[in-house]
Amino acid sequence: MYTPPAFKPDRAACLSFAEARGFGTVCAFDGRKPVASLLPFYLSYRGDGTPIAAFHLARHNPLVSLAGGASSWLLAVAGAETYVSPDWYVSPDQVPTWLYEAVHLTGPVRRMSDDELSAQVDTLSAKFETWLAPKRPWASAKMTAARLEAMKKAIVGLSMRVEEVEGSFKLNQHKSDADHTAVANALAQQGDPASRQIAGLMRALRPQLFANEAEQV
């Protein structure tokens, strides 16, 4: 990942972002071309601090045959992104750009055992069921034994040992206070949620610039 120094978050921030998102694109090379799939995942950590990304794929997904642990896969995790018009800056001679947050996790992938897969399915569903509180969480125990077993036979659990963590949080950190404020305010007025989310992130970077706005609300 190309990341100018101004946009480079630290390792802890990258991992926290990836875990909070919990959804990304996993990609591997089959010798001729890249093969990719979108999927949910969660992170855990070994005793030495090594991050482990756990996910599963349909058994017939071509990626499954590439999970031999010999080569590295990429798990790309994207957050909000939005276009920025040059007209929104205070300074002249600006160019169009995009602001975004993204993290890349890279490492070898191995297949899980059946017992590991059972635990992974429960851990993964528990992660996202918490997003729906106060709904009572769904758990695999609600399924009949036969249906649960059939579901597990249709998927393969995979585990990535994360060896490299890269991130780029491009939020106009390199711009002047005047330009940073102008773009954040323009994005906050857009109709799409992603633009407003980026505006919120920009304001959180330099809260002192927006203190008067908060007082007026």
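The legends below describe an overall view and several close-ups of a predicted model.

Residues are numbered from 1 along each chain as its sequence is written. In this predicted model, local features need pLDDT of at least 70 and side-chain atom pairs count only at pLDDT 80 or more, while totals for chains, interfaces and linings use all residues, and side-chain values use heavy atoms, with hydrogens and water left out.

**Figure 1. Overall view of the protein, with six helices and eight strands.**
Helices (H or I, at least four residues) and strands (E, at least two) are DSSP runs, numbered from the N terminus. Along the sequence they follow the order α-β-β-β-β-β-β-α-α-β-β-α-α-α. Taken along the principal axes, the box filled by the C-alpha atoms is roughly 60 × 45 × 35 Å. Of the 217 residues, 41% are buried; buried means under 20% relative accessible area, exposed over 50%, and partly exposed in between (1.4 Å probe, protein chains only). The protein exposes about 11900 Å², of which carbon and sulfur atoms supply 56%. These areas come from the Shrake-Rupley method with a 1.4 Å probe, and for residues only the protein chains shown count as cover. Contact means heavy atoms within 4.5 Å. Among contacts between residues at least 6 apart in sequence, 73% join residues at least 24 apart. The mean positions of the 22 positive and 22 negative charges are 9 Å apart. Lys and Arg count as positive and Asp and Glu as negative, without His and the chain ends; each charge is placed at NZ of Lys, CZ of Arg, CG of Asp or CD of Glu.

**Figure 2. Ser195 in helix α5.**
Helix α5 spans residues 193-205 and includes Ser195. Ser195 counts as buried because its relative accessibility is 3%. Its side chain is joined to that of Thr82 by a polar contact of 2.6 Å. A polar contact is a pair of N or O atoms within 3.5 Å; within protein, one must be able to donate a hydrogen and the other to accept it, and residues adjacent in sequence count only if both atoms are side-chain atoms. Leaving out residues up to four places away in sequence, Ser195 touches Thr82, Leu187 and Gln190.

**Figure 3. The cis peptide bond from Ala133 to Pro134.**
Omega of this bond is near 15 degrees. Pro134 belongs to the loop between α2 (114-129) and α3 (145-153).

**Figure 4. Positive phi at Asp93 and at Asn172.**
Asp93, a residue other than glycine, has phi near 60 degrees. The loop between β5 (68-84) and β6 (97-111) holds Asp93. With a relative accessible area of 78%, Asp93 is exposed. Asn172 is likewise not a glycine, and its phi is about 65 degrees. The loop that contains Asn172 runs between β8 (164-170) and α4 (177-188). Asn172 is buried, at a relative accessible area of 1%.

**Figure 5. Cys14 and Cys27, neither in a disulfide.**
A disulfide is a covalent bond between the sulfur atoms of two cysteines. A search of the whole structure, with a disulfide taken as a pair of cysteine sulfur atoms within 2.5 Å, finds zero. For Cys14, the nearest cysteine sulfur is that of Cys27, 19 Å away. Cys14 is buried, at 2% relative accessibility, whereas Cys27 is partly exposed, at 23%.

Not counting residues up to four places away in sequence, Cys27 touches Pro34, Val35, Ala36, Trp73 and Leu74.

**Figure 6. Glu163 in the loop between β7 and β8.**
Strand β7, on one side of this loop, comprises residues 155-161. Glu163 has 47% relative accessibility and therefore counts as partly exposed. Its side chain makes a polar contact of 2.6 Å with the side chain of Arg161. Beyond residues up to four places away in sequence, Glu163 touches Ser72, Thr106, Gly107 and Pro108. Glu163 and Ala80 are 83 residues apart along the chain, and their C-alpha atoms are separated by 25 Å.
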